Amino acid sequence: MTVTIQPTGVSPADVLAVARGTAKVVLDPATVDAMATSRSIVDGIEAAGRPVYGVSTGFGALANTFVAPERRAELQHALIRSHAAGVGAPMPREVVRAMMLLRVRSLALGRSGVRPLVAEALVDLLNHDVTPWVPEHGSLGASGDLAPLAHCALVLLGEGWVLGADGERVPATDALRRAGLTPIELAAKEGLALINGTDGMLGMLLLAIHDAAHLFTMADVTAALAIEAMLGSERPFLPELHAIRPHPGQGASAANILRLLQNSAVMDSHRDDLAHAVQDAYSMRCAPQVAGAARDTLDFVDTVAGRELLSVVDNPVVLPDGRVESTGNFHGAPLGFAADFLAIAAAEVGAIAERRVDRLLDVTRSRDLPAFLSPDAGVNSGLMIAQYTAAGIVAENRRLAAPASVDSLPTSGMQEDHVSMGWAAAKKLRTVLDNLTSLLAVELLAAVRGLQLRAPLTPSPAGRAAIAALAGVAGEPGPDVFLAPVMEAARAVVGGPELRAAIEREVGPLA
């Protein structure tokens, strides 16, 4: 696959293809022309000697400090070196690649005043799989993701570090030489244009949106399997009950669960039983209300990210009429709020899943399943400690759901006196989603055990697919086994596409 950078930007699918795949990147000729036109305006400003922020002045609190023409290239290099001040573990390759592609996208919009060769140099890094080492700490989402983007830009200069194949830190000069690439020299404004933007937090948010969409569907799957295993009722998921509360996510989630519960001998065994519980617990009956609200939150976040993909977030910006104006478009508040909101929603999807796991394991509430889903409880503990693990993860997600975007701290001598913390919001969102994968894996494992213990009753097609997906590691209910590898395998099943595909072949597409 090839991703072509147009003057209108890129799509979320383009970002995923480059960040997680092997797609090559090329610049459309119209993009090159737009950048060249923008650069000619900056060259004219330099020739006229007009004071313009970031072109002929210092940065931040030094915005009123005039820089002589002969030192302006030095200014741009010094900016990159001083702002590459992050610390901590390196960000994942996919995040850095997404960030670099989005910076190319920003430059390609023709409002940054850089030469085409600057964007081409970033494209070369992507196409040669040279990934800068970007530390996790450093961005406040103030003038965008200054420190992370500076670590990327530093590699263009032949300085800084690159992420090695085994995660080691490699000098950029060695990595460029092996790739056959040459460092570049920056001209006026170009250093600032390389680091002023929301590309890091937007890249993480786009990756998170993709992951959350999959996980929210898988949450419907694991909920349905758990409800089936606990002899729950399908009646709360009837479409007429959700039409009277027309939240679109709720309706989609309920339709998924209802479809997943069909053609089940387990469900048939109690459907007309007058002794059956009149109402299921909230964690069962209200599954669509919680997961559906998360879906609607995801739709909002997707809208915000889509707008940002169309946005010029540099500062200052070069307008077609020749003006160079300072903006606040780099402020990450829209993305920080969205990431925090989605983290809250995802945390609750995991929390309600853990409550269903606890119910499945409790002999007093699981409707005749053995304690902790062990056929020989007492000598064996079954999934007892798997639920402990889930409870600990729920507690961590609650801490991570506290919003980062309300935690502004002033910087740069009070010039940047309100910051977004959007980088932190997006980074912790990814942790919440990774934790959600683990929580759904525990529910999947518990639900599969419960359905196996309902034998000889035959479960739904979704239940049979889930049992088959875990058969190689989980086996049949019996004596206790080393559980960590089983849980890791369940995580892979939840995170991957195969189980959903197998279920959809049987029941049709899930929303």
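Is C286 buried, partly exposed or exposed, and what is its relative accessible area?

**View 1. Cysteines C152 and C286 in the predicted model.** C286 is partly exposed, with a relative accessible area of 22%, whereas C152 is buried at 3% (buried means under 20%, exposed over 50%, and partly exposed in between, with a 1.4 Å probe and protein chains only). The structure holds 0 disulfides, a disulfide being a pair of cysteine sulfur atoms within 2.5 Å. Because this is a predicted model, local features need pLDDT of at least 70 and side-chain atom pairs count only at pLDDT 80 or more, while totals for chains, interfaces and linings use all residues. Residues are numbered from 1 along each chain as its sequence is written, and side-chain values use heavy atoms, with hydrogens and water left out.

**View 2. A nonpolar surface patch that includes F341.** F300, F341 and I344 make this patch of about 260 Å². F341 is placed in helix α15, residues 333-361, and is partly exposed, with a relative accessible area of 39%.

**View 3. The largest pocket and its lining.** About 550 Å³ of space lies in this pocket, which is lined by 31 residues, with A142, S143, L146, S412 and E416 nearest its centre. Helices α3 (72-83), α6 (146-156) and α8 (190-195) each supply at least two lining residues, and the largest share, 3 residues, comes from α3.

Technical notes
Patch = residues over 30% accessible without salt bridge, like charges linked within 9 Å, V, L, I, M, F, W, Y side chains within 5 Å. Areas by Shrake-Rupley, 256 points an atom, 1.4 Å probe, with all protein chains shown as cover. Salt bridge = Lys/Arg side-chain N within 4 Å of Asp/Glu carboxyl O. Helix = DSSP H or I, 4+ residues; strand = E, 2+ residues; numbered from the N terminus. 1 Å grid on protein atoms, 1.4 Å probe; cavity = no way out; pocket = protein on both sides within 12 Å on 5 of 7 lines; lining within 4 Å. Points joined across faces, edges and corners; volume = space filled by probe spheres on them.
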